[in-house]
Amino acid sequence: MTSSTTGTKRATVRINVPLPPHDIDAFLADARQIIESGWLAGGEHVAALERELEPWTGNRPVIAVTTATNGLIAAMTTLGEPGAEAIVPSYTFLATWQTVLWSRMVPVVADVDERGLLDPSAVAAAITDRTRVIVPVHLAGMPASTDKLRDLARQNGAALVVDAAHALGSRHADRPVGADGDAEVFSISSTKPLGAGEGGFVTARDDELEQALRRFAFYGGRPGLGDTYGPGLNLRVPELTAALARRNLERFEAQLERRSEIHRRYATGMEGLPLRLSGPLAGQRSAHKDQLVWLDDPADRSPLVEQLTDAAVETRLYHSIAIPDLTAFEGRVSSTDRGRDLAKRTLAIPMHGRLTDDEVDHVVDTMHDYFQGGR
Ligand SMILES: Cc1ncc(COP(=O)(O)O)c(C=O)c1O
């Protein structure tokens with residue numbers, strides 16, 4: 001029975017809330033030490049965070065940056081070329097595309113598969129002699145086919161820059177995500193599973209690329225030297241952010257496990273309903289940054305959102321406009337069937353480490369209420 005039928009007012013089931021560190025006092029002690037030291041950015045906590053993230057992402061060099069958006073700009077500018085083509089999925093968050101524009105490349109759309117992940121055969125069809133970068137996305141934490149795409153990129157003299165903003169903690173069947181691309185770019189902003197406010201990092205295929213990315217992140221130069229070697233920004237990360245991310249890492253495995261449990265509870269509870277859920281393939285792990293729902297009938301979306309809202313359940317229309325249909329890209333990229341089709345069916349329901357089983361069941365019950373009666 002839902003709270004709407006009992007008349008009690010239920011607290012809102014939020015779409016996404018960062019989990020606090022399990023030992024907040026330890027973080028507060030870190031914060032005091034940072035403030036007293038007077039070293040507020042790009043110091044020992046940032047360096048330690050980079051080292052601690054390496055085993056999570058395939059044991060490559062890790063470069064901390066202010067946001068994943070900036071990390072993508074750094075990677076694409078370093079590995080791409082102004083005026084060259086970058087192949088990007090038809091269905092993803094806006095940042096993936098924006099960063100191609102900021103890197104002064106021409107975005108070329110390639111379609112996604114039925115789970116919203118860049119389709120290698122669509123990429124193969126989109127490659128031209130002007131392609132310099134291919135940009136798959138581990139959407140909602142689901143590992144994309146970055147092994148196949150890496151081979152395709154190599155055969156065609158292109159670089160693979162992976163948008164892994166959603167995927168810290170995700171695993172392919174036999175390895176963590178993070179080491180297939182020439183660079184893979186992760187986010188630790190508040191809506192991501194590690195949730196440290198704002199922040200991100202890039203994994204680099206080798207030391208040379210690491211150095212190039214570090215230069216980009218330091219005004220195109222190197223600390224202590226007056227020179228600059230090419231385009232760059234200031235992507236220096238605050239120590240407080242790094243300290244919070246490090247404390248969050250201490251309970252990250254448990255947090256990923258909880259997200260998987262929530263996904264499984266949703267999947268079992270919604271069996272038989274006319275919809276599909278985002279999630280990993282057998283043997284993989286998803287960080288479940290989001291729980292996406294694709295409705296069989298797109299006409300259900302508005303009334304279902306209304307019913308969920310009435311039942312105090314937050315939803316989001318993430319990726320609900322296919323990239324070719326965004327105002328900024330009108331007439332600039334070709335249309336795609338799958339991306340457009342998924343976009344009109346998409347809905348995101350609550351997914352985060354603070355969700356209780358009762359809240360998950362309430363979301364499931366409300367969905368059943370809708371499909372069984374309220375439709
Ligand atoms: C797929 C994707 N790529 C990149 C980003 C950018 O991440 P950030 O907010 O850290 O800049 C986001 C942000 O949510 C995202 O969803």
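Which residues point one way from β7, and which the other way? Gly200, Val202 and Ala204 lie on one side of β7, whereas Phe201 and Thr203 point the other way, and all are buried. A residue is called buried if 20 or more other C-beta atoms lie within 10 Å of its own, exposed if 12 or fewer, and partly exposed in between, with C-beta atoms placed from the backbone.

## Basis of the description

The model is predicted: local features need pLDDT of at least 70, side-chain atom pairs count only at pLDDT 80 or more, and totals for chains, interfaces and linings use all residues. Residues are numbered from 1 along each chain as its sequence is written.

Helices (H or I, at least four residues) and strands (E, at least two) are DSSP runs, numbered from the N terminus. Two strands are said to pair if DSSP finds at least two bridges between them. Axes are lines fitted to C-alpha atoms, for helices over the stretch in contact, and angles run from 0 to 180 degrees between N-to-C directions.

## Domain arrangement

The domain assignment divides the protein chain into domain 1 (3-7 + 251-374) and domain 2 (24-250); such bounds come from an automatic or database domain assignment. Taken over C-alpha atoms, the centres of domain 1 and domain 2 are separated by 26 Å.

Contact between the domains involves 30 residues of domain 1 and 31 residues of domain 2, two residues being in contact if their C-beta atoms, placed from the backbone, lie within 7 Å. On the side of domain 1 that touches domain 2, α10 (252-269) and α12 (337-345) each supply at least two residues. The largest share of that side, 5 residues, comes from α12. The residues of this side of domain 1 comprise 12 nonpolar, 11 polar and 7 charged. In this classification Ala, Val, Leu, Ile, Met, Phe, Trp, Tyr, Cys and Pro count as nonpolar, Asp, Glu, Lys and Arg as charged, and the others, Gly among them, as polar.

Strand β7 (residues 200-204) pairs with β1 in the antiparallel sense over 4 bridges, and alanine 64 stands opposite phenylalanine 201 in β7. Strand β6 (residues 183-187) also pairs with β7 in the antiparallel sense, over 5 bridges; threonine 203 in β7 is the bridge partner of glutamate 184. Because 5 of the 5 residues of β7 are buried, the strand is largely enclosed by the rest of the structure.

In α5, the buried residues are Ala95, Thr96, Trp97, Thr99 and Val100. Their cover includes α4, β2 (85-89), β3 (106-110) and β5 (159-163). Just after α5, arginine 104 takes a positive phi of about 60 degrees.

## Positive phi in two loops

Alanine 140 lies in the loop between β4 and α7. Its phi is near 60 degrees, a positive value in a residue other than glycine. Alanine 140 counts as buried because it has 28 C-beta neighbours inside 10 Å.

Tyrosine 219 lies in the loop between α8 (207-217) and α9 (239-250). Although not a glycine, tyrosine 219 has a positive phi of about 55 degrees. With 16 other C-beta atoms within 10 Å, tyrosine 219 is partly exposed.

## The three-stranded sheet

A further open sheet of 3 strands has the order β8-β9-β10 and antiparallel pairing. β8 (275-277) and β10 (346-349) are its edge strands, each pairing on one side only. Neighbouring strands of this sheet are turned by 30 degrees against each other on average, direction ignored. Strand β9 (residues 291-295) pairs with β10 over 4 bridges in the antiparallel sense, and threonine 346 in β10 is the bridge partner of tryptophan 294.
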